[in-house]
Amino acid sequence: GTVTFNGSYNVSGQTPAPRGMAFNAAGTKMYVVASYPVKVFQYTLTTAFNVLGTVAYNGAYSVTQDTSPTDVKFNTDGTRMYVLGATGDDVNQYTLTAFDVLGTVTFNGAFVVSNASRIPTGMTFDADGTKMYVVNDRYVDQYTLAATFNVLGATSLEGNFSVAAQEATPKGLA
């Protein structure tokens with residue numbers, strides 16, 4: 001159909017290098033992960049999922065487990081955060097108070113999702129949190145999680161399909 005550009009929200013006041021983003025379930029909080037500085041930035045939106053309305057920067061959490069994060073995601077209730085890292089080729093898992101990266105955040109561990117020839121750039125989960133998908137420079141990889149939304153119990157790569165014919169440098173996945 002027809003797509004019309006409506007405008008944007010500029011995050012350059014916090015980072016010149018945004019890499020990935022996510023919203024909370026209600027669309028009232030937005031998160032941007034950056035490779036410089038290496039942080040997850042949190043914003044409040046007064047109108048759900050509307051970055052053209054009133055947006056307020058709340059603060060940031062340093063994700064020092066990887067020096068080049070490329071994406072950020074949350075489980076459905078926001079008690080787990082996942083940061084995809086290009087340096088470690090891994091998904092770093094954290095626990096937190098529901099969708100609050102400014103409160104107590106605890107690093108749980110990481111699951112390696114790639115190898116040196118493929119750099120992970122985007123990730124997502126299926127609706128029930130039993131599958132994880134990671135896109136890199138050529139493929140969408142699929143993993144099964146042993147426990148719901150717990151990447152630390154993920155199986156090794158189950159399979160993948162190539163996106164190279166459609167996109168040379170994919171960066172996101174939904």
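The model is a predicted one, in which local features need pLDDT of at least 70 and side-chain atom pairs count only at pLDDT 80 or more, while totals for chains, interfaces and linings use all residues. Residues are numbered from 1 along each chain as its sequence is written, and side-chain values use heavy atoms, with hydrogens and water left out.

**Overall fold**

Let's start with the secondary structure: there are 13 strands and zero helices, where strands (E, at least two residues) and helices (H or I, at least four) are DSSP runs numbered from the N terminus. The radius of gyration is 16 Å, close to the 16 Å from the globule rule for 174 residues, so the protein is as compact as a globular protein of that length. Here the radius is taken over C-alpha atoms, and the rule is 2.2 Å times the number of residues to the power 0.38. Along the principal axes, the C-alpha atoms fill a box of roughly 40 × 40 × 30 Å.

Of the 174 residues, 43% count as buried, meaning under 20% relative accessible area with a 1.4 Å probe and protein chains only. Contacts are heavy atoms within 4.5 Å; among those between residues at least 6 apart in sequence, 37% join residues at least 24 apart.

| Residue | Relative accessible area |
|---|---|
| Pro69 | 1% |
| Asn136 | 0% |

Pro69 sits in strand β5, which covers residues 69-74. Not counting residues up to four places away in sequence, Pro69 touches Arg19, Val33, Ala34, Ser35, Val38, Val63, Val83, Leu84 and Gly85. Val40 is 29 residues from Pro69 in sequence, and their C-alpha atoms are 9.3 Å apart in space.

Asn136, by comparison, belongs to the loop between β10 (131-135) and β11 (139-147). Its side chain reaches the backbone nitrogen of Arg138 at 3.0 Å. A polar atom of the Asn136 side chain also lies 3.0 Å from the backbone nitrogen of Tyr139. Such polar contacts are pairs of N or O atoms within 3.5 Å; within protein, one must be able to donate a hydrogen and the other to accept it, and residues adjacent in sequence count only if both atoms are side-chain atoms. Setting aside neighbours within four places in sequence, Asn136 is in contact with Arg118, Ile119, Pro120, Thr121, Asp141 and Pro170.

Technical notes: Buried < 20%, exposed > 50% of the residue type's maximum accessible area, 1.4 Å probe, protein only.
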